[in-house]
Amino acid sequence: MLIETAPPRGKTVIPFVRQIAGIEYPMDSHMDWHAARAALEWQLEMGVTEAISETPINRFEQVAPPPKAGVAPRAQAPAVPVAAAETVDPVAESEAAAKAAQDLAGLKAALAAYPHCDLQKGARNLVFCDGVPGSRVMIVGEAPGRDEDRVGKPFVGRAGQLLDRMLAAIGLGRDLEGANSVYITNVLPWRPPQNRDPKPDEIAMMLPFLKRHIALAKPEVLVVMGNISCQALLGKRGITRLRGQWDEAEGLPVIPMFHPAYLLRNPAAKREAWADLLDLQARLTKKA
């Protein structure tokens, strides 16, 4: 409803008002501007929102106005078929990327460029390897922890220090040369959040890179430490049952062992770990 904000000259005629504020007015009566405005404001306060004329209008019988001359109706754009999104197979892509790597440097670059593993988004560093490539012994751990993620090398925290002492007890070391050197990597190159266990799809994506890593490093013996490593390379879990039992993976002899982090939590298991180290030493001595 339109209400004038300034009084016009003379008086305002409201022909459609019969009763305002409880007072009857004839159809041709005249009200001054102030009385008319006061009456309209009263109706607004009472909740009136529309002004209704005396004659009803049937909107269904109204004829639509003709279109304006010179304006052509807009043609509807033809529907464009939307192509289905291509599905990406992360494992197939990791297999192709790993196969294309001709050396360890190329494999590391392929891992860094791999776009489908979300772990790299929350990790500080790509943890690729440590030790001497071409060593007789290749150790495969599970996944980097906080210290490994910070430094960018596998087994550098408390578990890594224990591993160094274990290897030194049988004359091996990551910083040694020749027949006494070792080479170290992990199943996963990036740290999972809160050090959680890797998920099956994460292991599946990284497994082609790990297998190519083993092929390029060319060890004589694999040492797989922990359940995750056994699951990835042997397809088995249950390290307490598997440890100390020689197996085979990627055409190489494999000995499963307790992870050093497990030994830190369960010192009583160091007896079994020492037996496995002696078995590894005997194997290397025999092959030499």
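**Figure 1. Ala-123 in the loop between helix H4 (119-122) and strand S3 (130-131)**. Ala-123 lies in the loop that joins these two elements, where helices (H or I, at least four residues) and strands (E, at least two) are DSSP runs numbered from the N terminus. The model is predicted: local features need pLDDT of at least 70, side-chain atom pairs count only at pLDDT 80 or more, and totals for chains, interfaces and linings use all residues. Residues are numbered from 1 along each chain as its sequence is written, and side-chain values use heavy atoms, with hydrogens and water left out. With a relative accessible area of 16%, Ala-123 is buried; buried means under 20% relative accessible area, exposed over 50%, and partly exposed in between (1.4 Å probe, protein chains only). Residues up to four places away in sequence aside, Ala-123 touches Asp-149, Trp-190 and Arg-191, contact meaning heavy atoms within 4.5 Å. Ala-123 and Arg-150 are 27 residues apart in sequence, and their C-alpha atoms are 8.7 Å apart in space.

**Figure 2. The protein chain as a whole, with 11 helices and eight strands**. Of the 288 residues in the protein chain, 38% are buried. Among contacts with a separation of 6 or more, 68% are between residues 24 or more positions apart. A search of the whole structure for disulfides returns zero, a disulfide being a pair of cysteine sulfur atoms within 2.5 Å. Cys-117 counts as buried, because its relative accessibility is 1%.

**Figure 3. Helix H8 (227-234) and the elements that cover its buried residues**. Six of the eight residues of H8 are buried, so this helix is largely enclosed by the rest of the structure. These buried residues are Ile-228, Ser-229, Cys-230, Ala-232, Leu-233 and Leu-234. For Cys-230, the relative accessibility is 0%. The cover over the buried residues includes strand S4 (137-141), H7, strand S6 (221-225), H9, S7 and S8.

**Figure 4. The largest pocket and its lining of 28 residues**. About 750 Å³ of space lies in this pocket. Closest to the pocket centre are Glu-142, Ala-143, His-259, Ala-261 and Arg-265. On a 1 Å grid over the protein atoms alone, a pocket is an open set of points with protein on both sides within 12 Å along at least five of seven lines, whereas a cavity is a set of points where a 1.4 Å probe fits but cannot get out; lining residues have an atom within 4 Å of a point. Grid points are joined across faces, edges and corners, and a volume is the space filled by probe spheres set on the points. Helix H5 (146-151), helix H6 (158-168), helix H8 (227-234) and helix H10 (260-265) each supply at least two lining residues. H10 gives the most, with four residues. The lining divides into 12 nonpolar, seven polar and nine charged residues, where Ala, Val, Leu, Ile, Met, Phe, Trp, Tyr, Cys and Pro count as nonpolar, Asp, Glu, Lys and Arg as charged, and the others, Gly among them, as polar.

**Figure 5. His-259 in the loop between strand S8 (252-257) and H10**. His-259 counts as buried, because its relative accessibility is 13%. Its side chain reaches the backbone nitrogen of Ala-261 at 3.0 Å. Not counting residues up to four places away in sequence, His-259 touches Glu-142, Phe-155, Ala-159, Met-225 and Gly-226.

**Figure 6. Arg-243 in the loop between helix H9 (239-242) and strand S7 (247-249)**. Arg-243 is buried, with a relative accessible area of 17%. The side chains of Arg-243 and Asp-276 are joined by a polar contact of 2.7 Å; a polar contact is a pair of N or O atoms within 3.5 Å, of which, within protein, one must be able to donate a hydrogen and the other to accept it, and residues adjacent in sequence count only if both atoms are side-chain atoms. Beyond its neighbours within four places in sequence, Arg-243 is in contact with Pro-256, Met-257, Phe-258, Glu-272 and Asp-276.

**Figure 7. The largest cavity, with a volume of about 90 Å³**. Its lining comprises 13 residues, and the closest to the cavity centre are Leu-111, Thr-185, Asn-186, Val-187 and His-213. Helix H3 (104-113), strand S5 (182-186) and helix H7 (200-217) each supply at least two residues of this lining. The largest share, four residues, comes from H7. The lining divides into 10 nonpolar, three polar and no charged residues.
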